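Dear colleague,

Please find the structure below, handed over for your files.

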Amino acid sequence: MRRKALQGRASVRTRRQVMAAAAGGCLLAADFWAPDPAAAQGRSPGKLKVIASFSILGDLVKNVGGDRLEVATLVGANGNAHVYAPSPADARKVADAAVVFVNGLGFEGWLDRLVKASGTKAAIIVATKGIEPLARAGEHDHGRSDPHAWQSIANARIYVANIRDALIAIDAAGKAYYEANAAAYLAKLDALERDVRDTIARIPSERRRVVTSHDAFGYFESAYGIHFTAPQGVSTEAEASARDVAAIISAIRQQKAAAVFLENITDPRLVRQIASETGAKIGGVLYSDALTDATGDATTYIDLIRHNVGQLASALAS
């Protein structure tokens, strides 16, 4: 009887230890996973908490991660990541995340300070890993790398692959789901690239010259053959000098640029001045570093590319 009583007490202690360990595991998991009350709002419980540094990257992450993720974006629609100033709320978001996806290539100059201030244990994933950066000499903000790699659809495929692999590494149970989502999205990007190349092929080669606010389209130029000139460098923090503007006006006259374009993240006055002095027409708005809100024409990455190509084709066709 005494032995049975001792065994019974030991069994109770063992069960309590297992339950305590399980509870501790749940507390640790809660740091990285959204709580069950999300289900009351029509969302599945247990979503992986993920941060994307800016809106375009956030859209790519959502397309791969789907319903398994709860995605928060730091620099939102129509936001300018070049001059962004993180808030204490941003630090809290980063602290609570399991994964933080960033562009890299010097795009988020404020990111290291934010990560340090947050004290996060999240995995920091550079979505441009494996992309060959374009050189942009003379830009102190970004060294010699142009960070706007997403402007090439071929590069967007690399973003998607990096996002997929990172999510699988931290959430192995979702492997098949992430792979299927990535494959479906990559097929959409393949179709998008075919459409882009077909559209640009119809633009006369001598008219493929435009002016934009800042130098955000180098990868697009390299991939698709539209030549871009910009009074600002790869960062909107760089101010164009009077000499820079005069040189661009001279170049436009010599090269006979067909149109100048505004951007959704920059001050349009400089481009309007250049258009006025050169006679080049304003071709519309191009989206460079940010998606639009729900009322705009570029609420997704695919919409952004389609809009830009449509604007270019309309302005340059004749």
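**Findings**

Of the 318 residues of the protein chain, 46% count as buried. Please bear in mind that this is a predicted model. The chain has 10 helices and 10 strands. Among its contacts with a separation of 6 or more, 65% are made by residues 24 or more positions apart.

**Helices α2 and α5**

Helix α2 (residues 55-65) and helix α5 (residues 153-170) have axes that come within 9 Å and cross at roughly 55°. An angle of 65 to 115 degrees would count as roughly perpendicular and one under 35 degrees as roughly parallel; α2 and α5 are therefore oblique to each other. The crossing in which α2 passes α5 is right-handed. On the α2 side, the contact is made by Leu57, Leu60, Val61, Val64 and Gly65, and α5 contributes Tyr159, Val160, Ile163, Arg164 and Leu167. Sorted by class, this contact of α2 with α5 comprises 8 nonpolar, 1 polar and 1 charged residues.

**Helix α3**

Which residues of α3 are buried? They include Asp90, Ala91 and Val94. These residues lie on the same side of α3, because they cover an arc of only 100° around the axis. As background, an α-helix has 3.6 residues a turn, so residues three or four places apart point the same way. Pro88 and Arg92, on the other side of α3, are exposed. The buried residues of this helix pack against β1 (48-54), β2, β3 and α4.

**Two loop residues with a positive phi**

Most residues other than glycine have a negative phi. Asn78 is not a glycine, yet has a positive phi of about 60°. Its place is in the loop between β2 (69-75) and α3 (88-96). Is Asn78 buried, exposed or partly exposed? Buried would require under 20% relative accessible area and exposed over 50%; Asn78 has 34% relative accessibility and so counts as partly exposed.

Leu105 likewise has a positive phi of about 60° although it is not a glycine. The loop that holds Leu105 runs between β3 (99-102) and α4 (111-118). With a relative accessibility of 22%, Leu105 therefore counts as partly exposed.

With kind regards

Key
Residues are numbered from 1 along each chain as its sequence is written. This is a predicted model: local features need pLDDT of at least 70, side-chain atom pairs count only at pLDDT 80 or more; totals for chains, interfaces and linings use all residues. Side-chain values use heavy atoms; hydrogens and water are left out. Helices (H or I, at least four residues) and strands (E, at least two) are DSSP runs, numbered from the N terminus. Buried means under 20% relative accessible area, exposed over 50%, partly exposed in between (1.4 Å probe, protein chains only). Axes are lines fitted to C-alpha atoms, for helices over the stretch in contact, and angles run from 0 to 180 degrees between N-to-C directions. Angles under 35 degrees count as roughly parallel, over 145 as roughly antiparallel, 65 to 115 as roughly perpendicular and the rest as oblique. A crossing is left-handed if the near helix is turned anticlockwise from the far one by less than a right angle, and right-handed if clockwise. Contact means heavy atoms within 4.5 Å. Ala, Val, Leu, Ile, Met, Phe, Trp, Tyr, Cys and Pro count as nonpolar, Asp, Glu, Lys and Arg as charged, and the others, Gly among them, as polar. The arc is that of the directions from the helix axis to the C-beta atoms.
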